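Subject: Structure for your review

Dear colleague,

Here is the structure I said I would pass on. My notes on what was found follow below it.

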Amino acid sequence: MALSAAAAYAVAVALSGLPLSPPQLWDALSRGSFLAHPPLRFLVSCAPPFALSLVLSWISLRAAPEGLPALASPWRRLLSVLAPLLLSPFVLAQDDALRRPALLALCFGASAAVAAFLASPSEGADRPGRTSLREHAPVLAIIAAHAVTFSTLAIVRDHAVWSASVDLGIFKEALWNTLHGRVMFSPTVGYSFLGEHFSPVLFLLVPFYALSPTSECLLIIQTLAVSAAAWPVYLVARDLGLGRLTATLLAGAMLASPPLHTALLYDFHMDLLAAPALAWLVLALSRRRFGQAFVAIALLVSVKEDMFIPAVGALLAFALPGDARDRRWSAALGALAVGYCLLAMAVLLKRYGPPPGVPVYMSDGAEPQGYKFLRNFRHLAGPGGPLGHLLGQPVRYLLWAFTEGRLTTFVTLLTPVGFMALLAGWRITLLMPLGIILLSDNPEIVALRYHYSAIQHPGVYLAAAFGIAALLGRSRHRHRAARAVDAYVLVASLMLVATHPSSMASRTHATDTRAVTPHTRTVDRIASLVPPRVPVSSSTWIGPRFSNRPWGALFPNGLDRAEWVVVDLQRPAWPASVEQRDSTLLHLMRNGYGTAAVEDGVIALQRGRSPQGNPEAVRQLFVNRRYEVEGTEQTEFPNCSVRDASASDGRARVVSPDDPRPAGWMVFGPFIRLPQGQYRVTFRLRASRAGAQRDEIGYVDVFRQPGVTLARRDLVPSLFPSAGWRDVTLEFSIDDPGGAGGLEFRVHTERNWELGADVISLRPAGDEAAVVRAFIVGG
């Protein structure tokens, strides 16, 4: 009981400190052993890990240590099971907070593995594999559930106006234009997408897009491709002699991996289509079906010009330990893959690239000569090229690969399989795609944002299958070891899913729950006003709604040609800043564009239309601003958007006292510019004590970059006599005759009370008409 209580305390401390940065962690620890939580609340948080520790303790004490003389003592068994949990607070010593969930999952997985090893009988055998549907039903059910779940989430995200022109819109443009005679042309890119990435696999999608030219078509195909990649992983594991449970858990763990959630829920990318091709290639090679291997490798390299890296890794995995026939086939297939990809980089990308006078898409002007995307490895540039640098300074780049964010990514990807992929012998070359991440100096790739984790997953889990097979083959207690592996993979994967910010199931998930709201229906209604084939410049989150047309642009680009401009001020302004977006809209209203519709922060402008409606549009958008707190990404509390029937849009951002994150900003931004004048900003808030012992709720303020507070008001209990919504108002002035930019309207929570924020509204405190005129004339 004492050891179980100690383990529960250790786990509770680890979980409480998991999302805290080092300064926040030390500050919390300095306030007491409970990391600044009230003791009662902390004791309640200890209850689940205490129950878990008791179960593990009971298992260890009841275990029959047959054939395990080293564990004959019940004390040794007890300590061996609880030791990983007792050591769990040491994960907080990691400065990189994203590395901590993986290490905590490692602790939980290790504890579960030892308990399963002790509890399993010394002998036993898995049932022999069968070809019946019933035998494979568990993994097929997991694959189907994954496909349905993530297809639904991706579609809801699109309907909620969170899909972007970059990148879903680009692929819709390319496929639509291909159907209309312009091969893979993307107006957003400015030329054929084949000049950006040579991806002939997209031609396989054209018939499907012809039948259903929608976002849903591409999102479902992408999800089905990733889900299907789990099937070859399962079959390879079964071919290696692993039991049904082990093989099913490996396939399920791959689909549950949090970085893969990010890839699946960030628009559409052809990279994800490579996952089933790579998994199928490994299956074909392991079964020595070289005809199938040829088809699989052809599909793999058709996804993207750099797919020779995973292809070569897979071929080496079977050539190095194989016989002469394996080596001949691997050499031939490798030569074809590398030759084709080099041809694509050197010739085909240039053939379809920008014509004279058209700029290179998203060029920063500093790319290395030759292949554009070597910019992701700038530190490898120079005489001798990347390969020369790697061979000439191996220690330097080995240290580079396993430090900072790259080490975090390595640990995150390999933790669910207990690093057993490193036991795969020659098959470790299946991990070659990891080199893309470990050698990159692009922080987006290193952190596995967007789609960058897709191609790494099949190799990690296939190598793990070989590593587990090797481990079990050398074990004197094969059955016990198999059950320990099963327990580890299951518990570590579940723990990572529960705690990693990339996971949809994590309390600290890095994005909000997406939902269709009245605002999104307003976007669709205004977008429907634009005629089908006219040129449009639209903000990035509306862009995919205008992809099926001959020409479109990402606002504020393409304004010399656009007949219509559609912008949603409730969404981030990227690629412009907020001030650039607003000033561009005002410039258009002064120079030949009239307002066709404006509502709830969404505006449609038409070239040549009467400007009669422009003053009202200016009044609604810029003078009487209003935006939903839960509709912005500018928060330190993502994934706190909840349904609330009393909120203006049916949802609100609500932060409760048991949120694991420290006190911080519920909303900040939007970094706007206002002309000289007096203003009043109103925050619609609600607060409830929720058992809090302290009265500090938080505060609201008006802040001007850099570092000037124009107004502030503390949130005190007397402002919230009931749990309903209340308006909290601040008045401030802009005294500079030229106006002021970088203005933020912020809500800070101390996280003592439950605090909700719904809407922030801005209006002049004085002459509204004068402010409207100031915006219109640019004063």
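The side chain of Ser-453 reaches the backbone oxygen of Pro-259 at 3.0 Å. Please keep in mind that this is a predicted model. Ser-453 sits in the loop that connects helix 21 (443–446) and helix 22 (456–474). Is Ser-453 buried or exposed? With 0% relative accessibility, Ser-453 counts as buried, because the cut-off for buried is under 20% relative accessible area. Leaving aside residues up to four places away in sequence, Ser-453 touches Pro-259, Leu-260, Ala-263 and Leu-448.

Next, the strands. Which strands pair with strand 17?

- Strand 11 (residues 664–667) pairs with strand 17 in the antiparallel sense over 3 bridges. Within this pairing, Val-667 has Val-747 of strand 17 as its bridge partner.
- Strand 12 (residues 670–674) is also antiparallel to strand 17, with 3 bridges. Here Pro-670 stands opposite Glu-744.
- Strand 14 (residues 698–704) runs antiparallel to strand 17 and is joined to it by 7 bridges. Val-702 is the bridge partner of Phe-745 in strand 17.

As background, side chains in a regular strand alternate between the two faces of the sheet.

Strand 13 (residues 677–688) has pairings of its own. Strand 13 runs antiparallel to strand 16 (residues 726–734), and 9 bridges join them. One of the residue pairs there is Gln-678 with Ser-733 of strand 16. Strand 13 is likewise joined by 9 bridges to strand 18 (residues 754–764), again antiparallel. In that pairing Tyr-679 stands opposite Pro-764.

Leu-204, Phe-294, Val-295, Leu-299 and Leu-336 make a nonpolar surface patch of about 430 Å². Which helix gives the largest share of the patch? Helix 14 (residues 290–303) does, with 3 residues. Leu-299 lies in helix 14 and is partly exposed, at a relative accessible area of 30%.

Regards

Note on methods: Residues are numbered from 1 along each chain as its sequence is written. This is a predicted model: local features need pLDDT of at least 70, side-chain atom pairs count only at pLDDT 80 or more; totals for chains, interfaces and linings use all residues. Side-chain values use heavy atoms; hydrogens and water are left out. Two strands pair if DSSP finds at least two bridges between them. Helices (H or I, at least four residues) and strands (E, at least two) are DSSP runs, numbered from the N terminus. Patches are made of residues with over 30% relative accessible area and no salt bridge: like charges are joined within 9 Å, nonpolar side chains (Val, Leu, Ile, Met, Phe, Trp, Tyr) within 5 Å. Accessible areas come from the Shrake-Rupley method with a 1.4 Å probe; for residues, only the protein chains shown count as cover. A salt bridge is a side-chain nitrogen of Lys or Arg within 4 Å of a carboxyl oxygen of Asp or Glu. Buried means under 20% relative accessible area, exposed over 50%, partly exposed in between (1.4 Å probe, protein chains only). A polar contact is a pair of N or O atoms within 3.5 Å; within protein, one must be able to donate a hydrogen and the other to accept it, and residues adjacent in sequence count only if both atoms are side-chain atoms. Contact means heavy atoms within 4.5 Å.
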